[in-house]
Amino acid sequence: MVNFIYEIGDCSGCHQLPERSFFWKGRQFPVCARCTGVGIGQALALLLWIVDIPLSMCLCFLALMGLDWGLQECKIKESTNYRRLFTGILGGFGLFSIYVKATKWMIRKLRRQ
């Protein structure tokens with residue numbers, strides 16, 4: 001069962017680097033800290049689908065995650081696992097909130113037909 005969980009993380013496109021992952025009771029999470037945050041953010045956005053988040057805020061959340069990733073990728077500032085988690089939550093929430101907005105818009109359009 002445990003190997004199956006790690007295979008899911010591998011299929012998600014996550015690099016699963018140990019130094020960028022959290023550990024629980026000596027076992028590495030199946031995805032890195034940022035992907036863990038993205039998953040949490042996506043779940044929050046689905047739970048809060050009735051809340052109308054402004055598109056500009058969603059894009060800002062995505063930009064913050066991208067900025068954290070970009071600064072690390074360009075070797076300007078190394079991120080920490082807690083920063084990766086936090087910006088991942090924001091990015092996942094922002095992206096799924098956009099998906100929720102798009103879904104609501106499509107449903108409204110279909111109901112008018």
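Predicted model: local features only at pLDDT ≥ 70, side-chain atom pairs only at ≥ 80, totals over all residues.

The dialogue below goes through the model feature by feature.

Mentor: First, some ground rules: residues are numbered from 1 along each chain as its sequence is written.

Trainee: How many helices and strands does the protein have, and in what order do the elements run?

Mentor: Helices (H or I, at least four residues) and strands (E, at least two) are DSSP runs, numbered from the N terminus. Here there are four helices and two strands. Their order from the N terminus is α-β-β-α-α-α.

Trainee: What share of the residues counts as buried?

Mentor: Buried means under 20% relative accessible area, exposed means over 50%, and partly exposed is in between, with a 1.4 Å probe and protein chains only. By that rule, 32% of the 113 residues are buried. For areas, the Shrake-Rupley method is used with a 1.4 Å probe, and for residues only the protein chains shown count as cover. The protein exposes about 7900 Å², with carbon and sulfur atoms supplying 69% of it.

Trainee: What do contacts say about the chain as a whole?

Mentor: A contact means heavy atoms within 4.5 Å. Among contacts in the protein with a separation of 6 or more, 64% are between residues 24 or more positions apart.

Trainee: Which residues make up the largest nonpolar core?

Mentor: In soluble globular proteins, nonpolar side chains tend to be buried together. A nonpolar core is a set of buried Ala, Val, Leu, Ile, Met, Phe, Trp, Tyr and Cys residues joined through side-chain atoms within 4.5 Å. The largest one here has seven residues: A45, I53, C58, F61, L90, F93 and F96. Apart from neighbours within four places in sequence, F96 is in contact with Q42, A45 and L46.

Trainee: How many salt bridges does the structure hold?

Mentor: A salt bridge is a side-chain nitrogen of Lys or Arg within 4 Å of a carboxyl oxygen of Asp or Glu. The structure holds three. In one of them, R34 meets D68 at 2.6 Å, N to O; R34 is in helix 2 and D68 in helix 3, 34 residues apart. R34 is buried at 12% relative accessibility, and D68 is buried at 7%.

Trainee: Which residue does D52 pair with?

Mentor: D52 pairs with K101, at 2.8 Å from N to O. D52 is exposed at 59%, whereas K101 is partly exposed at 26%. There is also a salt bridge between E78 and R84, whose closest N and O atoms are 3.1 Å apart; R84 is buried at 3% relative accessibility.

Trainee: What does the side chain of T36 reach?

Mentor: A polar contact is a pair of N or O atoms within 3.5 Å; within protein, one must be able to donate a hydrogen and the other to accept it, and residues adjacent in sequence count only if both atoms are side-chain atoms. The T36 side chain reaches the backbone oxygen of C32 at 2.8 Å. T36 belongs to helix 2 (residues 33-47) and is buried at 13% relative accessibility. Not counting residues up to four places away in sequence, T36 touches F29, V31 and L85.

Trainee: What is the phi of K25?

Mentor: Most residues other than glycine have a negative phi, and most peptide bonds are trans. K25 has a positive phi, near 50 degrees. K25 lies in the loop between strand 1 (23-24) and strand 2 (27-28) and is exposed at 74%. K75 also has a positive phi, near 60 degrees; K75 is in the loop between helix 3 and helix 4.

Key
Heavy atoms only, no water.
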